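Okay, thanks for having me.

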Amino acid sequence: MGASQPVSGTRVVTRFAPSPTGFLHIGGARTALFNYLFARHHGGDFRLRIEDTDRARSTEPAIAAILDGMTWLGLDWDGEVVYQFARAGRHAEVANELLAKGHAYRCYATPDELTALREAQRAAKQPMRYDGRWRDHTDFPNDAPYVIRLKAPREGSVTITDLVQGPVTVANAELDDMVLLRSDGTPTYMLAVVVDDHDMGVTHVIRGDDHLNNAFRQLAMIRLLGWPEPFYAHIPLIHGADGAKLSKRHGALGVDAYRDDLGLLPEAVENYLLRLGWGHGDAEIISRAEAVAWFGLDAVGRGPARFDLKKLENTNGHYLRAADDARLVALITPRVEAALGRALTAADGDLLQRSMPELKKRAPNLGDLAAGTLFYLRARPIPMDDGAIKLLASATAGVLTGARERLAGITDWSAATVEEQARALADEFALKLGQVAQPLRAAVTGSSQSPGLFDVMATLGREETLGRIDDVISGQAG
RNA sequence: GGUCCCUUCGUCUAGCGGUCUAGGACGUCGCCCUUUCACGGCGAAAACACGGGUUCGAUUCCCGUAGGGAUCACCA
């Protein structure tokens, strides 16, 4: 495993560090999952840090949504959640330490001045970076506002042996002196991550590809501070089906939307996310235990992967079929009650429980599963859809009344005895079984599509089944 | 534009010099099962971006080209 092994003797510590400016999106969830899996694989710690230093954009609801999403996905973190804003004092302390040691300096350039600099650089087609105009000053205006910038090395280069991307080298001349402390004394993200990762003992920084460029600047700071260097692993971002950066339109929704709107199971989302950009031979359906045992950074793909809702739904269907019936009933109950406009009774719950084995085989998500239960629970006369109306209209005359008669004679009502009578009726009328079953399906379910008719009748019971057929015969249904 | 990264079926991927007439999964199409719809089973079409090298031999290694991506704030 070479490069992905931690230095001997150190305990692996990873962290997920989202900024609470929105919901926990799918890309963030995958980053969290990879951090979680890597830590668990190595028997280390997985920490959670909320990067709320942007006071204007950070919100309480966003923090709640992140914690909720993590919990839903079963990504339990170790220790207390670290709130970055609360550590501003420590960040400033490190900035001042750097300043005292001559590794940082005060910069009095105004925002307008810097904007003008960038404009000039853009016009001259020069790279846009701070030119270090205050880097070697010794005389400072006393009352003017200033920021503290890192005095980054200008010669040589930095090479990061990224656990996913491989060795990446950037010349120091490409990097400018980043701001550590703003003029209002608050820390920038660059300072905060480095200090927090160090203080939290993070050994492996696993994050989105968009941070790869930042890693060089952060490493420069770490070296100036003389702190131990973490391993880096930058995983590619997720793209939409059209190859463009994932946006809301593509399904870059909060994980709560995957749960509530798309009706997905957390284990399905986890499995799908794991396989997006990572593979283990031909394995497709992977349990949490297997994921922990198999996960490694060396198998993470280096190119961005496209998000495919079809495959996610297929994966969800797999887990839905494997899910415990009682759990599914509990999950769909709110949806069913909303559709019915009433609370479910104990008898309804029992009916749902019995219908699950057949119903879950044909639902790709909880919404469809809930919708599929409705015909069982609706009060007579049940509504008929277009397909059902057509079937009834073209049914052989007398089939329904004939079936009604035979079914009414059954004393031990079951899928087997019901089927027996249906087949007998087909023989009697010289019809194919389908010509008898389809009109009956329409009458009993109000649709042309449903689980096995005889199973449905058995689940519904004798009285309800007969009643529904009567409704159609007497013209009350529809 | 500068810098950095990436490139196997439509999509996610396996492949870590010969085992590749390139494997699996989703999707698509066909067949089977069958009272409908699903589930399930079987099968088909479908890819190594291009051009140079290195090598006895490249999907695998190197270099270009093209395409794609990331990033260039007193945001994170």
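Let's start in the loop between helix 13 and helix 14 (386–393), where you'll find Pro-381. Helices here are DSSP runs of H or I with at least four residues, strands are E runs of at least two, and both are numbered from the N terminus. Pro-381 is joined to Arg-380 by a cis peptide bond, with omega about -5 degrees. For context, most peptide bonds are trans, and most residues other than glycine have a negative phi.

Some housekeeping: this is a predicted model, where local features need pLDDT of at least 70, side-chain atom pairs count only at pLDDT 80 or more, and totals for chains, interfaces and linings use all residues. Residues are numbered from 1 along each chain as its sequence is written, chains are lettered from A and ligands numbered from 1 in the order in which they are written, and side-chain values use heavy atoms, with hydrogens and water left out.

Ala-430 has a positive phi, near 60 degrees, and isn't a glycine. You'll see Ala-430 in the loop between helix 16 and helix 17. Is Ala-430 buried or exposed? Exposed, because its relative accessible area is 68%; the cut-offs are under 20% for buried, over 50% for exposed and partly exposed in between, with a 1.4 Å probe and protein chains only.

Now the inside. The largest nonpolar core has 52 residues, and Val-336, Leu-369, Tyr-376, Leu-377, Leu-407, Leu-440 and Met-457 touch the most other members. A core here means buried Ala, Val, Leu, Ile, Met, Phe, Trp, Tyr and Cys residues joined through side-chain atoms within 4.5 Å. Helix 13 (residues 366–377) gives the most to this core, with seven residues. There's also a second, separate core of 48 residues, including Leu-24 and Val-164.

Helix 18 (residues 453–460) is mostly covered, with six of its eight residues buried. Those buried residues pack against several helices, among them helix 12 (346–359), helix 13 and helix 17, where contact means heavy atoms within 4.5 Å.

On to the aromatics. Rings of Phe, Tyr and Trp (its six-membered ring) pair if their centres lie within 6.5 Å; planes under 30 degrees apart are stacked, over 60 edge-to-face, the rest tilted. By that rule we get eight aromatic pairs. Tyr-272 and Phe-307 have ring centres 5.6 Å apart and planes at 85 degrees, so they go down as edge-to-face. That pair links distant parts of the chain, 35 residues apart. Phe-375 and Tyr-376, on the other hand, have centres 4.3 Å apart and planes at 25 degrees, so that pair is stacked. Both Phe-375 and Tyr-376 are buried.

Last stop, the RNA. One base nitrogen of RNA strand B is 3.2 Å from an N or O atom in the side chain of Lys-311, and a phosphate oxygen is 3.5 Å from one in the side chain of Arg-149.

How values were computed. Polar contact = N/O pair within 3.5 Å; in protein donor to acceptor, adjacent residues only side chain to side chain.
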